[in-house]
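Reader: Could you walk me through this one slowly? I am new to reading structures and would like to ask as we go.

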Amino acid sequence: MAALIGVLVWQFIETRNATATTIVDTTCDSALTAEVVRGAFGGPRAVLWTGTNGPGMINMRRRGIRGGITMSIDIEPHPGGGSRLEMWASETAVYMGILVNFAGVVNRRKTAIGRMLAAAESAKASGSFGQ
């Protein structure tokens, strides 16, 4: 019984994190940021994610039962350079009124995009980006 409660609590936390807006400020310009974001859904992951319509500048839907989950991303340029990235789960399949299908994959994509942007910033700072 305790294990079941633990799993439900974990899923509830995953759901809250996936549907909350995650903001990342970066020194990368908007075009580079968009390139990094699109790269986070490419390669082997392209089989699992597909572009879709949604409220964000970039909207990716996880393929799955009942339509999966849609991750929306907005990118806004900062006036002094760099950009702001906002990511959230914009369309979900909800179970029992509180749990979202595939919430964990959105959280992992958010983390991966943050890491990829940090790597792009580092490469840009060292002058090795694109070489």
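This is a predicted model: local features need pLDDT of at least 70, side-chain atom pairs count only at pLDDT 80 or more; totals for chains, interfaces and linings use all residues.

Reader: Ok, and where does Ser83 lie, and what does it touch?

Author: Ser83 lies in strand β5, and strands (E, at least two residues) and helices (H or I, at least four) are DSSP runs numbered from the N terminus. Not counting residues up to four places away in sequence, Ser83 touches several residues, among them Val24, Asp25, Thr33 and His78, with contact meaning heavy atoms within 4.5 Å.

Reader: Changing topic, which residues have the most contacts inside the largest nonpolar core?

Author: They are Val37, Phe41, Met71, Ile73, Leu85 and Ile113, in a core of 25 residues; a nonpolar core is a set of buried Ala, Val, Leu, Ile, Met, Phe, Trp, Tyr and Cys residues joined through side-chain atoms within 4.5 Å. The elements that give two or more residues to this core are α2, β3 (58-62), β4 (70-77), β5 (83-91) and α3, and the largest share, six residues, comes from α3.

Reader: Tell me about Val37, then: which residues is it in contact with?

Author: Leaving aside its neighbours within four places in sequence, Val37 is in contact with Ile58, Ile73, Ile75, Leu85 and Ile113. Val37 lies in helix α2, and at 0% relative accessibility it counts as buried.

Reader: And how do α2 and α3 pack, at what angle?

Author: Helix α2 (residues 30-39) and helix α3 (residues 103-126) pack at about 135°, with their axes 9 Å apart; axes are lines fitted to C-alpha atoms, for helices over the stretch in contact, and angles run from 0 to 180 degrees between N-to-C directions. The two helices are therefore oblique to each other, since angles under 35 degrees count as roughly parallel, over 145 as roughly antiparallel, 65 to 115 as roughly perpendicular and the rest as oblique.

Reader: Which residues make that contact?

Author: From α2 the contact uses Leu32, Thr33, Val36, Val37 and Gly39, and from α3 it uses Ile113, Met116, Leu117, Ala120 and Lys124.

Terms used. Residues are numbered from 1 along each chain as its sequence is written. Side-chain values use heavy atoms; hydrogens and water are left out. Buried means under 20% relative accessible area, exposed over 50%, partly exposed in between (1.4 Å probe, protein chains only).
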